[in-house]
Amino acid sequence: MTPFTYARAQDAADAVRRAALADTRYLGGGTNLVDLMRETVERPAALVDVSGLSGAIEARPDGSILIGAAAKNTAVAEHRAVRERFPLLSRAIVAGASAQIRNMATVGGNLLQRTRCAYFYDNEGSRCNKREPGQGCDAIGGFNRMHAVLGASNACIATHPSDMCVALAALGAIVHLQGEHGTRTLPLTELHRLPEDHPERETELAPGELITAIELPALPFAARSAYRKVRDRSSYAFALVSVAAAIDVQDGVVRDVRLALGGVAHKPWRAWKAEGALKGQPANADSFRAAAALELADARPQSANGFKIGLAQRTVVAVLQGLSAKEKQP
């Protein structure tokens, strides 16, 4: 492990000031960053510990929730307002990792966790454009069963690993940021970048910019929502495909819907096309299948992951059918 300095931030402004030094990383729970440092994939010269910053969870009267970036994943998943207003978020967090990891991992860190692509982690024997731009991507033409079918490029086909971020994308979460030039907000769907020619640029954060909170806007029909994760084993594993969904049905017609996919792209994939196709349509299997097919129409599989396309479509249909059936219950 490369030697580094350590400092504990007193507040967000102090953290941003300390991060102005070159090669500095923010440290929350460390459940991803420390692993990467051990593997010498990440080699920061300095760590700024932000785990002591606000982790408050504020349930607002208008139905929205503001979550401090230092909140532990367990605290979010177990919070009564989260479970009542946005149950898909609780389910996504619980599906994402063991209790021990959830007790350590922070919300802000979860947003910034890096891909679990084996070639990215293999710092000695594999080429990876994300780790070292211009090297090439050994996943293309290699073992790519877990890799992206949407939004990939000739430079990178890695997938984003977070379950929580898929739920947040479906919910239209807003990321609160603080940097050297002040504060700003950014929709979560715009936080992460697709790889294109620069997969090493993973987010739209400015250098030293700090995530301070996540806002969940009010969405009443999300009280009936679902997160389904399809994986190789029932214990904790990364998603082959996951679906986060909420649907508003009245008189058998879709009034509104939120849908996001995980395990299929370099970022949490908001299914904008499927959402647009479903609004105003009958809430039935035919409509759900047509919308899922439309969303996956641009999928480009690799040599070993073509099964993800059909799997994603079937999972979308199953989740939406399950939620529609619940809408019919008194």
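This is a predicted model: local features need pLDDT of at least 70, side-chain atom pairs count only at pLDDT 80 or more; totals for chains, interfaces and linings use all residues.
Let me begin with V230, which lies in strand β9, residues 225-230; helices (H or I, at least four residues) and strands (E, at least two) are DSSP runs, numbered from the N terminus. Residues are numbered from 1 along each chain as its sequence is written, and side-chain values use heavy atoms, with hydrogens and water left out.

To return to V230: this residue is partly exposed, with a relative accessible area of 23%. In these terms, buried means under 20% relative accessible area, exposed means over 50%, and partly exposed is in between, with a 1.4 Å probe and protein chains only. Which residues does V230 touch, not counting those up to four places away in sequence? They are A239, L240, V241, L311 and T315, where contact means heavy atoms within 4.5 Å. G262 is 32 residues from V230 along the chain, and their C-alpha atoms are separated by 9.7 Å. S98 and V230 are 132 residues apart in sequence, with 16 Å between their C-alpha atoms. S98 itself is found in the loop between α5 and α6 (99-104) and is buried, at a relative accessible area of 17%.

Helix α5, residues 87-96, is mostly covered, with seven of its ten residues buried. Those seven are P87, L88, L89, S90, A92, I93 and A95.

L89 leads us to the nonpolar cores. A nonpolar core is a set of buried Ala, Val, Leu, Ile, Met, Phe, Trp, Tyr and Cys residues joined through side-chain atoms within 4.5 Å. The largest has 42 residues, and V76, F86, L89, L111, L168 and L216 touch the most other members. Helix α9 (residues 164-170) supplies the largest share of this core, seven residues. Another core, of 33 residues, lies apart from it and includes V254, V257, L261 and W269. As general background, nonpolar side chains in soluble globular proteins tend to be buried together. Leaving aside neighbours within four places in sequence, L89 is in contact with V76, V82, M164, A167, L168, L171 and L216.

Now to the cysteines. How many disulfides are there? The count comes to zero, a disulfide being a pair of cysteine sulfur atoms within 2.5 Å. C156 is in no disulfide, and the nearest cysteine sulfur, that of C137, is 5.6 Å away. C156 is buried, with a relative accessible area of 5%.

On a 1 Å grid over the protein atoms alone, a cavity is a set of points where a 1.4 Å probe fits but cannot get out, and a pocket is an open set with protein on both sides within 12 Å along at least five of seven lines; lining residues have an atom within 4 Å of a point. Grid points are joined across faces, edges and corners, and a volume is the space filled by probe spheres set on the points.

A search of the whole structure finds one cavity of 30 Å³ or more. The largest cavity holds about 70 Å³ of space.

I close with the backbone. Most residues other than glycine have a negative phi. D23, not a glycine, has a positive phi of about 55°, and its place is in the loop between α1 (12-18) and β2 (24-27). T40 also has a positive phi, near 60°, and is in the loop between α2 (33-38) and β3 (46-49).
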